[in-house]
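I opened this entry to record what I looked up in one chain. The notes follow the order in which I checked things.

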Amino acid sequence: MSSYADLRERLAEELGADPGPEVAELHLRILDQDPGLAGPAAAHPPGRGGDLPVPPTALVGRAAELGRVTGLVDRHRLVTLTGPGGVGKTRLALAVAAARSADHPDGVWLVELAGLRPERESGAGPEAVAEEVGAVLGLRGRGTSETDPVARLCDALSARRALLLLDNCEHVVESAAGTVTALLRAAPGLRILATTREPLAVDGEVLESVDPLDLPGTDDGPDAALESDAVRLFAERAAAAAPGFRLTDDNAAAVVTLCRRLDGIPLALELAAARIRTLGAHGLLERIDDRFRLLAGRRRDAPARQRTLRAVIDWSWDLASEAERAVLRRLSVHAEGCTLEAAEAVCAGPGVAAEDVFDLLERLVERSLVVAVPDPDRPRFRLLETVGAYAAERLVEAGERDAARRAHAAYYTALAEQADPYLTGREQGRRLLLLDAETANLRAALHHSLELGDTETALRLALAGTWHLFLRGRFGEALQRFAAVGARTPGTRTGSPSMREVRAAFSRAALELYVNGSAASGPAPSLPAAAVPDDPPGRAALARAVWFLGSAHMGFGDLGVAEELVGRALRDARALGDTWVEAAALATRATIAHFRGDLPGLLGDGERSLALFDGLGDGWGRLQALDALAAHAEIRGDLERTAALRREAVGVAEGLMLWSELARHLAGLGRVALLERDFDRADDFHGRSLRVAVEHGDQAGQEFAAIGLGMAARRRGDPDGAEGHLRPWLAWNLRLGAEPGAAFVLAELGFCAEQRGDAAQALDLHRRGLASALRVGDPRAVALALEGTAGALALGGDAERAASLLGTAAAARESLGAPLPEAERGDVDRIARRAAGALGEDSYKAAFARGRTVPLPSRAEEVG
C-alpha cells in the first residue's frame, strides 16, 4: 500500500498525472484482498536456479568419498549419506552437489531441515518437509489449506531435472521418507541427496556411510602423520587459530593421540584446534578426558546442535527411545566393542528384555550412535570414543554403573573360563582368536571386578586368562593380573588356602620366573597337604600348575627344582589319565634332557610328547615336541631332518599366530643355515626372527635371533660385529639367571676375543662360561667351554695344555653319542692347528690322547 501511495505522489510531482485505470483497479483489488491475486502455484522452480552456500574453508580429505558419492548420484535417484553427528555429511554433500550442478539445468537446492520440530513432538506428516522444500524453491501457497503441500511440490517438479539436497533428516525421518517417496514417483528427472543419522528406509535408497577421517598410526612422526586426513584437518584449523602452528617432532605425538582419541570426527577436531592457541597440543591432550567441557567453545556461525561436542550427541540422544538410551549407556562399559551375545548379557536389565537387545542395537546402528563392525564369524558393535564417554556419563546419571560393570565382569569371566579348556586341543586356534578379540574387555572386566571389591571374580579371571596370555607371549600382563588381584602364596595367612589360591600362587611364581628370572623371584611356593584337592578335576588342575612352575624353572630358574616339579606333575598326570599334562611334562623333560646332554632322553620324551599332542590336536604342544626333536637331529648332525622339522614348526606357528614360537623356529632354520655355512641365508632367517620378536615384544626370541646374527658375523671373520650382537644378551641372561644362555654367549664372546688375539680376555670369558655350564650340569656346554679355554691357552703359548683340553672335550662328546659334526668343527680345528703348529704333530697327538683319559668333571674342576 505504501508503494501505491509513493507512486501516486511521484506521478503528481513529476508529471502532473494520476495512476492509470489498471493501477487504480489493482489498488482496489488489493484493498478488497481479492484471492485471485495469488494466482496459480508456480509450475516449476526457476530454471538454472540454486542456493548452495559456499563453505568458508576448504574440504580436507574426502577425495575418495567425493568421487564415490558423485558416481552414486550419477547412477541413482536417491542417495543417502549416513553417519554420526559431526562426521562431515553436510560438507561432503555440498561438495557433491556443487560438482554436479551443471548436470541439473533446473537447479541444485539445499533444504535444511534441522529447524523443523522433531516429528514425535509435532506429530507432523510428510507435509512438514514438503512445505520446507517448497519454501526453498519459492513455491506460492505455503501455509494455505487450498492444496496439499506434497501434491503441489510433486506437480512443480514433475517435469524438471533438479537435484535436492535434504540436510539433517533424522528428526523428521518419517516425514522426509514420505515426501521423498512421493517426489521420486512423480518427478522422473529429480535426484535427491539426503544426509541423516539414520536411513530413510524407502525403495530405491542407496546408502553411503560417511566414516570419520582416516587416523594416523600410533607411532607416526610429523611427515607420516600428515598423510592422515584427520591430522591434516587438525593442523590446518590449528594454524588458522594460532598462526605459525605446525606439526613438529615435539608436538606430533600429542596431535596424533588427540586425533585418535577424538575418533577422527571433523567437528571434534575443529573444536579442539580452535583451542590450540591457549592450551597447545600437550595441554589439549592432558584435558581430553573431560572432552565435553574442553570442546565447548562457541561457534557463532554454527547451528546450535553443532556448537559444542556435547550438543552434537545430545541431538541424537534426544531422538532415541528410553529403551535405546538404556542399551546405549550400558554398552559404554565395554572396551573396544562387543559381540551381540555380550550386549544381550550386559545391556539387559530394567526396561530392556534380553530378547529385545538385538532390535534396539540395530536401531542404534541406524541412528549412527553405534558402529557395526562387519565380521563373517562374529560381528561386533562398538562406540566411538566420544559417544562412549557421553554414554558413560549417562550411565552414572542413571545410577546403573555398578550393575553394568558387574554384569560385564560376570560375562567375560565366564567367557574366559569356558574358552580355557579348548586352548589345549583342536579348538585352540579359534579360541585364541576369540580371546584376542576380547582382550580389551577382559582387561576391563578385571578392572571392574577389583573396583567393585569382587576379588573372587578377579582371581577367577586371572586364572582363566593365564594360558591365553602365555600362548600369546604376554607373560608380563599375566603376571600383572595376579599382582593386581593380590594372589598370595599358600601358608602366608591363617587357615588353609583355597584351591584357586594355590593355583594362583604357582602360576604367579612361574610368571615371575618368565618375566624377571630367578634373580628377582622369590622361593617356590610350598604345597600344604590340606590344599591338595580330592576330586580328579581339582588334582588335574593342580598338576598343571605344578608343571607350569617346573617349566619356568627349566628356562630361568633351578634345573633341579624343574626336574622335581615336572616329575611330580608327570606322575600325577599319568595317575589321573590327564593326557595334556603328561604330554607337556614329557616335552619339558625332553628339554631338560637336552640341557643335561641326555640324548636318548631327549629323543624318547620328544617322540612320546609329539604323539600325545598330535592325538589332542594341540598345535602349541606340537611345537614344543618338534623343537626337542629338531634339537636332537641337529646335535646328531642330521641337518636335513632338522630343517624339515623346523619348517613344519614354522607353518604351525604361523597358522596359530604364535609369534614367540615362530621367532624361535625361524632362528632354528637360521642355525641350520649357519651349519651349512650359508651365512647370507642364516642372516635372512635370523633377521626375520628378530623382526617378529621385536614386533611382539618377545625378548627371549630377540635373544635367540641376535645370538644367531652374532654367530654368523664371527664365522665370517668379524669378531667385533659379532660382539655387538652378543654383549647385550649376556647381561640379559645373567640378570634373569638363565645359566644355559649365559654359558653359550660367554663361549661365543670368548671365541671373539681369541680371534681378535686377546688371550687373557678369552681365557676369562671361557672360565666364566665353564662355571655357568657346570651349574647347569650340561656336559656338552662344559665341553664347549673347555674347547674355548684350549683356544685361549694355545693363543697364550700353552699349546700342550690346550691339546689336552681338546682331547678331554672330544672324549666327553663321544661318550654322549654326540661328537662334533663336521659343520661345527671350525673352532676346534682352528685351535688344533695352532696347538699342533707349536708342538709338532706327534707331540700334539700325544697330549690330545692324554687329555682323552681325564674325566670331564676332573678337568672342569682343574680349569675352573
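The entries below go from the whole chain to a sheet, then to single helices and helix pairs.

**Whole chain.** I noted at the start that this is a predicted model. I counted secondary structure and got 42 helices and eight strands for the protein chain. I then looked up burial: of the 864 residues in the protein chain, 52% are buried. I also checked how far apart in sequence the contacting residues lie. Of the contacts between residues at least 6 apart in sequence, 69% join residues at least 24 apart.

**Sheet.** I asked in what order the strands of the five-stranded open sheet lie. I read the order as β2-β3-β4-β1-β5, and the pairing is parallel. I found β2 (108-112) and β5 (205-209) at the edges; each has a single partner strand, so one side of each has no neighbour in the sheet. From one strand to the next, the twist averages 20°.

Is β2 mostly covered or mostly open? I found it mostly covered, with four of its five residues buried. I then checked its pairing with β3: the two run parallel and are joined by five bridges.

**Strands β1 and β4.** I traced β1 (residues 78-82) next to β4 (residues 191-196) and found them parallel, with five bridges between them. Here L81 sits opposite T195 of β4. I also noted what lies on the sheet: helix α8 (residues 173-186) packs on it and touches β1, β3 (163-167) and β4. The direction of α8 makes about 165° with that of β4.

**Helix α11.** Which residues of α11 (residues 252-261) are buried? I listed A252, A254, V255, V256, L258 and C259. I looked for what covers these buried residues and found, among others, α9 (222-225), α10 (229-241), α12 (266-273) and α13 (276-286). After α11 comes D263, and I noted its positive phi, near 65°.

**Helices α28 and α29.** I looked up how α28 meets α29 (residues 599-616): the axes come within 8 Å and cross at roughly 155°. An angle over 145 degrees counts as roughly antiparallel, which makes α28 roughly antiparallel to α29. I recorded the crossing as left-handed. On the α28 side the contact includes T579, W580, E582 and R589. On the α29 side it includes D605, R608, L612 and F613. By class, I got eleven nonpolar, five polar and four charged residues for this contact.

**Helices α28 and α30.** I then turned to α28 (residues 579-596) against α30 (residues 619-635). These two pack at an angle of about 25°, with axes 10 Å apart. The cut-off for roughly parallel is under 35 degrees, and α28 and α30 are therefore roughly parallel to each other. This crossing is left-handed. I listed W580, A587, A590 and H594 from α28, which meet W620, Q624, A628, A631 and I635 from α30. How many of these contact residues are charged? I found none; the contact divides into seven nonpolar and two polar residues.

Methods:
Residues are numbered from 1 along each chain as its sequence is written. This is a predicted model: local features need pLDDT of at least 70, side-chain atom pairs count only at pLDDT 80 or more; totals for chains, interfaces and linings use all residues. Side-chain values use heavy atoms; hydrogens and water are left out. Axes are lines fitted to C-alpha atoms, for helices over the stretch in contact, and angles run from 0 to 180 degrees between N-to-C directions. Angles under 35 degrees count as roughly parallel, over 145 as roughly antiparallel, 65 to 115 as roughly perpendicular and the rest as oblique. A crossing is left-handed if the near helix is turned anticlockwise from the far one by less than a right angle, and right-handed if clockwise. Contact means heavy atoms within 4.5 Å. Ala, Val, Leu, Ile, Met, Phe, Trp, Tyr, Cys and Pro count as nonpolar, Asp, Glu, Lys and Arg as charged, and the others, Gly among them, as polar. Two strands pair if DSSP finds at least two bridges between them. Buried means under 20% relative accessible area, exposed over 50%, partly exposed in between (1.4 Å probe, protein chains only).
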